[in-house]
Amino acid sequence: MRRKVISGPSGFQADPNAHLLKVVDLKTHYLTGRGPVRAVDGVSLTLDRGKTLGVVGESGSGKTQLSRSIMGLLPTKNIVRAGQIFYEGHDIISYTPDQMRSVWGSEMSMVFQDPMTSLNPVIKIGRQITESLQFHLDMDKGEASETALALLTSVGIPEPAQRLGEYPHQLSGGMRQRVTIAIALACGPKLLFADEPTTALDVTVQAQILNLLQAQQKERHMAMILVTHDLGVVAGRTDEIAVMYGGKVAEQAPTPVLFSHMKHPYTEALLNSIPKIEQRSHTRLEAIGGRPPDLVHPPAGCNFSPRCPYAQDKCRTEDPPLIEAETPGHVYRCWYPVDSPEGRDALARNIAAGVPNAVQLTETPLVDAPVATPAPSSL
Amino acid sequence: MAGSGTAHLRTTGETLLRAENLVVEFPVGRTGLKVHAVSDVSIDVREGETLGLVGESGCGKSTTGRALMQLPSPTSGDVIYGGTDLTELSGPDLRRVRPEMQMIFQDPISSLNPRRRVGRIVAEPLRIWASEHHPPSATVRIAMRALTGAAVIQAGFFGLLAIFWLINTGLKSLMAWDFTLLPDFDNWLRASSALIVLGAVVFGPLLAALSPNIRDRVSAARLALIGVAIVSWLVFLRALANDGFNNAGTLSFAAAAAATAIALVMVWLLPSSIADFKQMVDVRAEHDRKVIEVLEAVGIDPEAAVNRRPHEFSGGQCQRICIARALVLDPKLIICDEPVSALDVSVQAQILNLLEDMKQRYGLTLVFIAHDLAVVKNVSDRVAVMYLGKLCEVAPPDDLYAKPAHPYTAALLSSIPVPDPTYRPDESTTLAGEIPSPVAPPSGCRFRTRCPKAEDMCAQVEPKMRQIGLGHHVACHFPIELTETRPSSASLAKSSRS
């Protein structure tokens, strides 16, 4: 059954000068009857050891496709995958699945969104964890189950010895996600992709799982790419954030910079659409009108322009390049960035012209319920 | 947190819906054990108000919502809607209340039938209720039942008769080796009777039995009987011409006479059925108008949407269609069971705004169930926090956020992800562990196993709901005092533009 390991976990000669991961102009296009679907359209990013990158965007923005494309977990047919992916200095984009086998698990691994569908329902949890240990680390059965036990303990599963003999359906959603994390961590990867790891979970469990991921990452000095649609999830837990829209990076910056000096109207809109707990109830939310772009026939110019409150004629004809902001590491794609003189002008012009996207921002908040007691001054 | 007691129920003012001491239990196989999904929960909703129900998965919030709708009825407790106790109603009486209470479900795509077109999905409640709003008269109903039965019996009778006759003459002709004895129906008679028999006698009763609509059933039965009458008379005349008035002739005469009598009764009913038909056409036009109105209200282009199927729409659009379907009967109360949990944040904001607009436009009362306290706070006038089948705290949303009294509420608040990199959640209130099994819930306060403030008393005495502020009730022995309110989150750098 066991296939020969082509290169062991130490198969990669780590180049200490190279970034752990460097993606250059990665494109992933699906060839369909309607034309190519530009799921990932020229994304470049770098990630160093021990750092966390948050990838944020709506459904269909290409954030999941990006992480799968980097990991090589894509169909082999009707797809164009171009660009460069340097992992530890090696360009892994041309690797065959057999070559990737030595990368998956021991170098990079992934935690998926839905723990029920990413675990095999008819195989006991212990077997699912030990599988990769035996394959990649050449452990024997006893050694592997000891490691599995240690892993389950480290991800905070109570009574881990008993759990090893159970099936996934016997665990709750949060516990299942802990198991998938244990599996992903089993071979000590240097890079962990967490693809919406908490979207299927409750808020309280979400906090637990995110804390667990963060703790494990620190302990193992592992890099992590946290993919999510919720800016709240990535805010306190990442070093850098890439906001994706329509297969492109709309804005990328170190986390504190992104929140304090955001430039792209989409980032701003995404942040404003989150209901905030400190707002009074019945505050009207600033929803982003319209729908994500059609990835086969993207709009001319900037792909956010049909939904953008700042959009001008230039935006509808010229696609903005990635522009560097004054802060190092902060790049964005926008002609009229938020909080710049041009941006403020553009917004004022749109409001004056009655552009629906812009007028929506000025609508008076819908507050009709009197608040019984004023909030204490500490708030 | 046991949350028993009814201190939080309001005595003044009109309440549209009031549930008292609601208990829902499900048996666990044949073990005799029970899942205590909802244990002694009391809530009330005023007209035009939004009640938020919030809690983790498995806390019984969805079960409570369903128990309010009697889907299924609670194990015990009362659900008083507009003065009537729904738990005592059943069958047609309960059905009559249903159009006023509608539900919106969590997963918009799986709650729409993928094989139906959107226009039909949204019109379905109207189609179902059309016959309830314009019921056929009692005579029509009774006649319809009698006629359907008669049509089936007569078809069978006629068929048997024909078979016996054919066997009889067939045997005779075989034994005599004289095939001229075989029935020599004229070609036109054979063809037409075969057609009428096939069309009317076979498909008529079949249609009558299968068609869901009362009116279709009446007309199918009518068709069948007229067909039977015609064929019976043809057979009788033929038999008379051939053999004279023998046994077969007598039988077919009896059949023909009975069929005629029944067909006459039906012709007498025909005018009322024409009136029914006209009304039906009017009602359909009215339905179409209503469907277009609600689809427009929820922001879906009716022209483009009615002939498409759900898979052609995005999740957010499907949720809009679900909302349109819930609105189409002009309900008073809508129970929203996690309507935005499966949606992206940007779409979530659109749907929450839409719900607020629809509430204003149609004067709705909402019960909003969700696990995200920030979402619930945004839409609610009053929030009830649930844990393991019990209520913990009931308060106005701004109060609940400003000074949560129950440790569980505080934990829920601190677990909300805040989009601010400088914010550090208060680790002391973060919940560890998971919700205990509802099959054997902890004694006393159900939250005590995870509560940072639990003491011995919590294991023995179940806390009762008590008032601690204006409209603010808590079921806890040791509620969080005002002075130890959770530290404020750093205000967002760019939280909102004013």
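A crossing of two helices is left-handed if the near helix is turned anticlockwise from the far one by less than a right angle, and right-handed if clockwise. Helices (H or I, at least four residues) and strands (E, at least two) are DSSP runs, numbered from the N terminus.

The model is predicted: local features need pLDDT of at least 70, side-chain atom pairs count only at pLDDT 80 or more, and totals for chains, interfaces and linings use all residues. Residues are numbered from 1 along each chain as its sequence is written, while chains are lettered from A and ligands numbered from 1 in the order in which they are written.

**View 1. Helices α4 and α5 of chain A cross in the right-handed sense.**
Helix α4(A) spans residues 125-136 and helix α5(A) spans residues 141-154. They pack at an angle of about 120°, with axes 9 Å apart. Axes are lines fitted to C-alpha atoms, for helices over the stretch in contact; angles run from 0 to 180 degrees between N-to-C directions. On the α4(A) side, A:Gly126, A:Ile129, A:Thr130, A:Leu133 and A:Gln134 take part. They meet A:Ala144, A:Ser145, A:Thr147, A:Ala148 and A:Leu151 of α5(A). Two residues are in contact if their C-beta atoms, placed from the backbone, lie within 7 Å. By class, this helix contact has five nonpolar, five polar and no charged residues. Ala, Val, Leu, Ile, Met, Phe, Trp, Tyr, Cys and Pro count as nonpolar, Asp, Glu, Lys and Arg as charged, and the others, Gly among them, as polar.

**View 2. Strands β1 and β2 of chain A form a hairpin.**
Two residues lie between the strands. Strand β1(A) covers residues 21-32 and strand β2(A) covers residues 35-47. Their pairing is antiparallel, over ten bridges. Two strands pair if DSSP finds at least two bridges between them. A:Lys22 stands opposite A:Thr46 of β2(A).

**View 3. An open sheet of four strands in chain B has the order β2-β1-β4-β5.**
The pairing is antiparallel. Five bridges join β1(B) (residues 15-27) to β4(B) (residues 76-81). B:Glu20 has B:Asp78 of β4(B) as its bridge partner. Helix α1(B) (residues 61-68) packs on the sheet and touches β1, β2 and β4 of chain B. The direction of α1(B) makes about 115° with that of β1(B).

**View 4. Backbone geometry at B:Asn21, B:Gln70 and B:Pro72.**
Most residues other than glycine have a negative phi, and most peptide bonds are trans. B:Asn21, in strand β1(B), has a positive phi of about 50° although it is not a glycine. B:Asn21 is partly exposed because 15 other C-beta atoms lie within 10 Å. The cut-offs are 20 or more such atoms within 10 Å for buried, 12 or fewer for exposed, and in between for partly exposed; C-beta atoms are placed from the backbone. B:Gln70 sits in the loop between α1 and β4 of chain B. B:Gln70 also has a positive phi, of about 65°, and is not a glycine. With 18 C-beta neighbours inside 10 Å, B:Gln70 counts as partly exposed. The loop between α1 and β4 of chain B also holds B:Pro72. The peptide bond from B:Leu71 to B:Pro72 is cis, with omega near 0°.

B:Ile321 lies in helix α9(B) (residues 315-327). B:Ile321 is buried because 24 other C-beta atoms lie within 10 Å. The largest nonpolar core has 200 residues; A:Ala182, B:Val122, B:Ala324 and B:Val367 touch the most other members. Such a core is a set of buried Ala, Val, Leu, Ile, Met, Phe, Trp, Tyr and Cys residues joined through C-beta atoms within 7 Å.

**View 5. The side of chain B that touches chain A.**
Here 54 residues of chain B are in contact with 50 residues of chain A. Helix α10(B) gives the most to this side, with seven residues. By class, the side has 23 nonpolar, 18 polar and 13 charged residues.
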